[in-house]
Amino acid sequence: MSSLSRELVFLILQFLDEEKFKETVHKLEQESGFFFNMKHFEDQVQAGEWDEVERYLCGFTKVEDNRYSMKIFFEIRKQKYLEALDRQDRAKAVEILVKDLKAFASFNEELFKEITQLLTLDNFRQNEQLSKYGDTKSARSIMLVELKKLIEANPLFRDKLSFPAFKSSRLRTLINQSLNWQHQLCKNPRPNPDIKTLFMDHSCSPTTNGARPPPTNGPLVGPIPKAGAFPPIGAHGPFQPVVSPSSGAIAAWMSSGNPSLPHAAAVAAGPPGIVQPSNAAAFLKHPRTPSGMPGMDYQSADSEHLMKRIRTGQSDEVSFSGIAHIPNVYSQDDLPKTVVRALNQGSNVMSMGFHPQQQTILLVGTNVGDISLWEVGSRERLAHKPFKVWDISVASMPLQSALLNDAGISVNRCVWAPDGLMLGVAFSRHIVQIYQYNPTGELRQHLEIDAHVGGVNDIAFAHPNKQLCIVTCGDDKMIKVWDTVAGRRHFTFEGHEAPVYSVCPHYKENIQFIFSTAIDGKIKAWLYDSMGSRVDYDAPGLWCTTMAYSADGTRLFSCGTSKEGESHLVEWNESEGSIKRTYSGFRKRSLGVVQFDTTRNRFLAAGDEYQIKFWDMDNTTMLTAVDADGGLPASPRLRFNKEGSLLAINTNDNGIKILANSDGSRLIRMLESRAVDKNRGPSEPSKPLIVNALGPVGNAAIAPAIERPDRVPPAVSMNSLGTMDSSRLVDVKPRISDDTDKIKDWRISDIIDPSHLKVLRLSDAITAGKVVRLLYTNSGLALLALASNAVHKLWKWQRSERSPLDKATAYVAPQLWQPPSGTPMTNDTSDTKPAEESTACIALSKNDSYVMSASGGKVSLFNMMTFKVMTTFMSPPPAATFLAFHPQDNNIIAIGMEDSTIQIYNVRVDEVKHIF
């Protein structure tokens, strides 16, 4: 049997098991002999189903195969014999002796005689060797231990004791993908087609008016089929929605929520500026079919198959000599573990976040309500904003009362907007403040919102309906959504029965939603509508929990700590609302609420036991831990930068340590040595700021909060403010000198001397020709040229000691790629016009796997991995003069022609769809 047929058996086994066809599963295991189910074997032995035990074993081995097999069968039959004697069923014992045990007489006649003599004893325990034989159950358990050792040592069971690792419901996924493929190739694709059977290939019937519906805009094997693609076949038969990893998996989780649980409806307030997509309801009822594959159109085997069907000839993939496309490989060296900076914030750090684009700009919020911006490379504090209410005249009475009764206010969370042009700060008293950020480091007041009654526990940015909004949650058990223009409230989500601890906005399949967690351990999920929560699940630990997605948005994690101090870091199976894996390595009793972060779509990090602990996302065992040279709190706060090269952690002495890997260290050194603008003054020394003249604000004055120990407001007395007028509330702490708010210019110096430049010449002795088109690949790791003789040339920078970042650089010459045959990618040319006189054009697919090109002849599609031509089309005249891939669909290409027309070409069906 071929390896693919063998894998198909495993897929069928998985499907049968998921559908609860237990007997059929074990029958197929036995008949195929591919997987020995030790659990099933143990259950049968414990139940004394001896005939079934031997039948199952015979699918994998026979008595005479080897000494291990002989010993296995002997132990089973001996146990069966002893149990018959123990029941005083001598007739059965004689039958077993004659039919089963006699087969071993030729191998050990003395042992067979001794076993036979047991028939003469009233109790076989009178035999010295069997005197310790207990009851049947214990005897079977002891025998099982021996059997498992024999099976594991038996070479016939090698590679048959573990089930291959692959995603759940893989067979369903493949079938759904096949149906979507059939629909993509359909001449008359209809939206939401109804699947009646799997016995025949699908084909949509033409529309009643004969018009062809507009083509779907999904990729050939994209992560989510768009309108016009198939819903999961679970909606039409016994199949269930496909499980993770699924870019539409939240739908299944939401739709599987307990409908009987009471959820108060969301209350829409203010102008309805955010409109939920019309297909949201269908999204919840019928989760879309996931492919479990990235949205790359040409690089899958199925896409390759389609392209072979389009072109007349076939070309097999080839490998390059000495060149290999290796996947991303990570090691512990990629983790930031070396301390490269120590910053003195001056007060206890409560929240941090690196700028999404400027990798060394760190936002910090503290327990006295101030925020700071640090350039960690130069150790410079770019901005500092002490807490104050911007306009006390519009503050609500509860807020004014809270400030009068207790001036202590802390930052609970500070976060950047996705584009880095705004930042939001959530405070422990009622309000959030939104600043606009200028790339020079300037912070400008933008919005102040009296958001919640009590503390605002979390804040995040989201893009419902492509409109940037703010999501907040608080002690009043609510989640609220605000616009970022005027601070109008669009939605209020109610349904939690305890203060809401955190929010996690996300989107999949163009459906926007919000996860929220409360301090009673409840997890809920909300769409931007008035239908209440779609999910009601319990978080591990049933207390303070935060949730976060991996950077690519495909994997969901949560981390939290129970009231007893038990911490839990888990990955969720979104399709089922269940825990996929639980990571180990935490202290049995954590001394605070554990915080965590993710990086590189590969690593997890959490602060616990005065250390930073790291995990590989695919391995539940802790990878490593670092103490950052000591001085960390029991449960440090931490935050990676976007590239994962830097890690910020807070310290016991009101400071921040920056950890770096090799890339981060180089980045820091580069910033240290960079020439600064002549107008830039010397950096002020970082020192603790005087934040309150009313009394000391040391850590000793901080009183622990009962509900949220990770968010500790300072205990600052306001008794001396008894006669203070309300205007003093605008600034409950004395103003810091304006010097601290001045913006320091940290722009890169202008290039004014040729010595600042580095020139690298890329020579090619193989083919000569003037370069007529030149472009970097989208990844920035390679350079692609099209010469006047219609030949393509590809140079790629590869990782080396001189180029450790695997990026384009003028200091290291890239390698010219060529296939072993020496035949480069060459365009079709015109018979009537030389290539040198023709207009050349070129375009790269968004995943850099394919290049579309023309040099006066037909348009050619090349595989960048193999240099093979996939297909050619559109013979001149007119000739193509410009090419462009659709930004969302690599199969749609715009082609500008020399007769000034523009043609829209669909690679899927090899047709021109429109001409302009």
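**Notebook: aromatic rings**

Rings of Phe, Tyr and Trp (its six-membered ring) pair if their centres lie within 6.5 Å; planes under 30 degrees apart count as stacked, over 60 as edge-to-face and the rest as tilted.

The model is predicted: local features need pLDDT of at least 70, side-chain atom pairs count only at pLDDT 80 or more, and totals for chains, interfaces and linings use all residues. Residues are numbered from 1 along each chain as its sequence is written, and side-chain values use heavy atoms, with hydrogens and water left out.

I noted 23 aromatic pairs in the structure. Phe36 is in the loop between helix 2 (22–32) and helix 3 (38–47), and Phe157 is in the loop between helix 8 (136–153) and helix 9 (170–184), so the pair links parts of the chain 121 residues apart. Helices here are DSSP runs (H or I, at least four residues), numbered from the N terminus.

I then checked accessibility (buried is under 20% relative accessible area, exposed over 50%, partly exposed in between; 1.4 Å probe, protein chains only). Phe36 is buried at 0%, and Phe157 is buried at 1%.

Phe163 and Phe166 make a tilted pair, 5.7 Å centre to centre with 45° between the planes. Phe163 is partly exposed at 31%, and Phe166 is partly exposed at 29%.

Last, I looked for charges over rings (NZ of Lys or CZ of Arg within 6 Å of the ring centre and within 35 degrees of the ring normal). The charged end of Arg6 sits over the Phe34 ring, 4.5 Å from its centre.

Conventions:
Helices (H or I, at least four residues) and strands (E, at least two) are DSSP runs, numbered from the N terminus.
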